[in-house]
Amino acid sequence: MTERVGVYICHCGTNIAGVIDVEDVARWSSEQPAVAIARDYKFMCSSLGQELVEKDIKELGLTRIVVGACSPHMHEKTFRGAAERAGLNPFLVEMANIRELDAWATDDKAAATHKAKAMVKGAIERVILHQPLESLVVPINPNTLIIGGGIAGITAALELANAGHHVYMVEREPSIGGHMAQLDKTFPTLDCAACILTPRMVDTGQHPNITLLAHSQVEAVEGYVGNFTVTVRKKASYINEELCTGCGICEEKCPKKVVDHVFDAGMGQRKAVYRPFPQAVPKYPVIDRDNCIYFQRGKCKACQIFCPADAIDFEQEDRLLQFEVGNIIVATGYDPFDATRIPQYGFGRLANVFTSVQFERMVNASGPTGGRIVLRDGVTQPQSVAIIHCVGSRDENYNEYCSRVCCMYSLKFAHLVRERLPQAEVYNFYIDIRAAGKRYEEFYHRVMMEGAHMIRGRVAEVTDAARTTDEEGKLVVQVYDTLFGEQRRIPVDMVVLSVGVQARHDSREMAKLLGLGCDFSGFFTERHPKLDPLLTMVEGIYVCGACQGPMAIPETVAQGAGAAARVAGMIGQGTVVMEPIKAHIDADQCSGCRICNNLCPYTAIVYHEDRNVSEVITALCQGCGTCVAACPSGAITGAHFTRRQLMAQVEGMLWDVRTPVEA
Amino acid sequence: MSESYEPVIVGFLCNWCSYRAADLAGTARLHYAPNMRPIRVMCSGRVEPDLVLKALREGADGVLIAGCHPGECHYVEGNLKALRRYVLLRRLLRQFGIEEARVQLVWASASEGTVLADAVNRMTEQLRALGPLRWRQTVLGGNGHQPEDTQASAASQPAMEEAVTP
């Protein structure tokens, strides 16, 4: 054994030294084989502590360093830096975390000292087998992919584009704008959603730094931070975008009307060739193949006949586009809760039960009723409206979490009903009112002052089965009023179900495509819930907005801008240093069994049929080591976590209880 | 078993969740049994059965494997791979005559310092009740759980291909 190990035990003031006998650990360490020097010092991370290490490396010719101090997540970088400055490869340093994992976790001094020795011994045995590694420095492509063109994606795109960086925005609907474009007013300021959103949509559509790919979907993402290759399917719209002027004559002439279940939530109709709404960006319509008379029956072509620009192209096919980006921002948003899942609330069965999304369309001046609040017959104004909160939220049968926006938009609905139908009564059925936000509580107070009835209790059912003459022809809301302490039946003309926010139905597929994690509800997981809410577990992929969890517009915008700032920071950096913790397959030992191929979550292992061996693509490997553990031939080595290193650490750690089998 | 018997546990903690949970337990000054000696791995999926057997063979009384919760794995699903191996490993250990409580798998997210601390406390208590492992007697013979030759070969070459098949 020719390695010369230096062991440094930190006092961390009294943080470590108050529990662990650091001098004893240092003295004992100095007696271990291969240890050339062992010291204890008050603060190893101080510049004097680091200089001590540097000096010893140079003067004593140390080849390996063990630092018994805090968590490697705290100061591993510090000591790697010290080693590097003294000319030693930074990966020849190992930390023994005797603070968080030992001194802070017990007050039994003898046991803590004993455990510290085991941890240090494990580190010594491990570090002897360390190999010098070189960090990989890769350049960062300055282009960014943004998936989703709602307000989160739009904000991020404009921030980056205005900073001079190119953005590819992929939106699966024919227009960007997302859910916000469907809204009428926004709480608590009651400013019109379209008035604040559409200018930003137009900016996005016209910005020279933004390539807008609407009616498109991300098909594949390969690569790693700084160097992703993205494949996007641009779905056939049957409109030649180079010729189309967006005049709208095709929509006018199309004879086929279809119920719009997406933008108008089933409340309105659109044509088979359509733009979701008049302010759509991009301005080009798309032909809905499933409903187009020509595609279904082979004749019609009314749009083509009347198009003055000759832009209708029935022969168009899906196109696959491929481009390179350095970072990805995921802003795929949410799905509203499907109210038919709660049959006792009658949505889809009782005509005058509406979802909040439908109501939002109804009160929108450019919506299907022109902003009039009317029953399903399209003419009758309701004399009483019930608004039921927490539909699908805060309910262990559906979603346990609070959707965070429903209380406030329900109060907004109450305000809008009182404003437009001053004679109508409004009942809000709530569990708790969650008005935690800037000027939210004031808005709640205002709505109460306007005369909205607030009834606390979870609604049991909505029924049209009348028990009294008052209830004839009405919808009856059955609720246990927890403030009165009694069952109540409230007859109303209209019921609005305030549906909650859910992860996109296909969020798990998106997660799989990008290698992200999802929580139990399907929302994407961030790297740290508090200190790193925008970066995902995959380096170079960020999340913002409601795809990460329920949130209102201000937070969504803040997150979008935040994600853009993070990406701009990466672009400014120019390069990214990647840990060289990667797997490697020894081709001579590989039996070609392919067990590892399917284990890799990053598809970083390819199989060469001609040679019957598998190979790790280093750039894709994230270093988890799952394949290393699984290889039956032991052909895979995980750098910095090799089998030999871990075995040696186990042996060292059990120095006091070892019962060598060979003996 | 001496009256001052303290079990020794080797803990394999994943870098992203469980190791951070242990860091958090320390930062929060949650005191727990000092019997677990931690080894950091990048992912619980890296913990091959060999490492567990190695620890038991070298004198540990138990092995704790800790990873991220299912669905929260930093590497998407490495923890699920660990779970599969763990199930098979336990079956094998049972045949060796090693009690199930000696090898445990827990999920602890980076915010669950208490979960990790509780797991260590619980396991320490269980091992204290079980007494020392005495690998040589239990597995290498003496107690006569298994024919001598198969145990010896299993102990010196615990490759366990069947346990790693996905």
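Trainee: How many helices and strands are there in chain A, and what makes a stretch count as one?

Mentor: Chain A has 17 helices and 36 strands. Helices (H or I, at least four residues) and strands (E, at least two) are DSSP runs, numbered from the N terminus. The model is predicted, so local features need pLDDT of at least 70 and side-chain atom pairs count only at pLDDT 80 or more, while totals for chains, interfaces and linings use all residues. Residues are numbered from 1 along each chain as its sequence is written, chains are lettered from A and ligands numbered from 1 in the order in which they are written, and side-chain values use heavy atoms, with hydrogens and water left out.

Trainee: Why is A:E251 called buried?

Mentor: Buried means under 20% relative accessible area, exposed over 50%, partly exposed in between (1.4 Å probe, protein chains only). A:E251 has a relative accessible area of 17%, so A:E251 is buried. The residue sits in helix α7 (residues 249–253) of chain A.

Trainee: Which residues does A:E251 touch, not counting residues up to four places away in sequence?

Mentor: A:K271, A:V273, A:Y274 and A:R275. A contact means heavy atoms within 4.5 Å. Of the 663 residues of chain A, 58% are buried.

Trainee: How do you know that helix α6 of chain A reaches close to its expected span?

Mentor: The expected span is 1.5 Å times one less than the number of residues. Helix α6 (residues 193–206) has 14 residues, and its first and last C-alpha are 20 Å apart, close to the 20 Å expected.

Trainee: What makes the buried residues of α6(A) line one face?

Mentor: The buried residues are A:A193, A:L197, A:T198, A:M201 and A:T204. Seen down the axis of α6(A), they fall within an arc of 120 degrees, so they line one face of the helix. The arc is that of the directions from the helix axis to the C-beta atoms. On the face turned away from the buried side are the exposed residues A:C195 and A:Q206. The buried residues pack against α5 (151–162), β7 (167–170), β8 (185–186), β9 (191–192) and β10 (210–213) of chain A.

Trainee: What makes a space a cavity?

Mentor: On a 1 Å grid over the protein atoms alone, a cavity is a set of points where a 1.4 Å probe fits but cannot get out. The structure holds 12 cavities of 30 Å³ or more, and the largest cavity has about 180 Å³ of space. Lining residues have an atom within 4 Å of a point. There are 17 of them in the largest cavity, and the closest to its centre are A:E94, A:M95, A:Q649, B:Y19 and B:R40. β4(A) gives the most to this lining, with 4 residues.

Trainee: How do the residues of that lining divide?

Mentor: Into 11 nonpolar, 2 polar and 4 charged. Ala, Val, Leu, Ile, Met, Phe, Trp, Tyr, Cys and Pro count as nonpolar, Asp, Glu, Lys and Arg as charged, and the others, Gly among them, as polar.

Definitions and conventions: On a 1 Å grid over the protein atoms alone, a cavity is a set of points where a 1.4 Å probe fits but cannot get out, and a pocket is an open set with protein on both sides within 12 Å along at least five of seven lines; lining residues have an atom within 4 Å of a point. Grid points are joined across faces, edges and corners, and a volume is the space filled by probe spheres set on the points.
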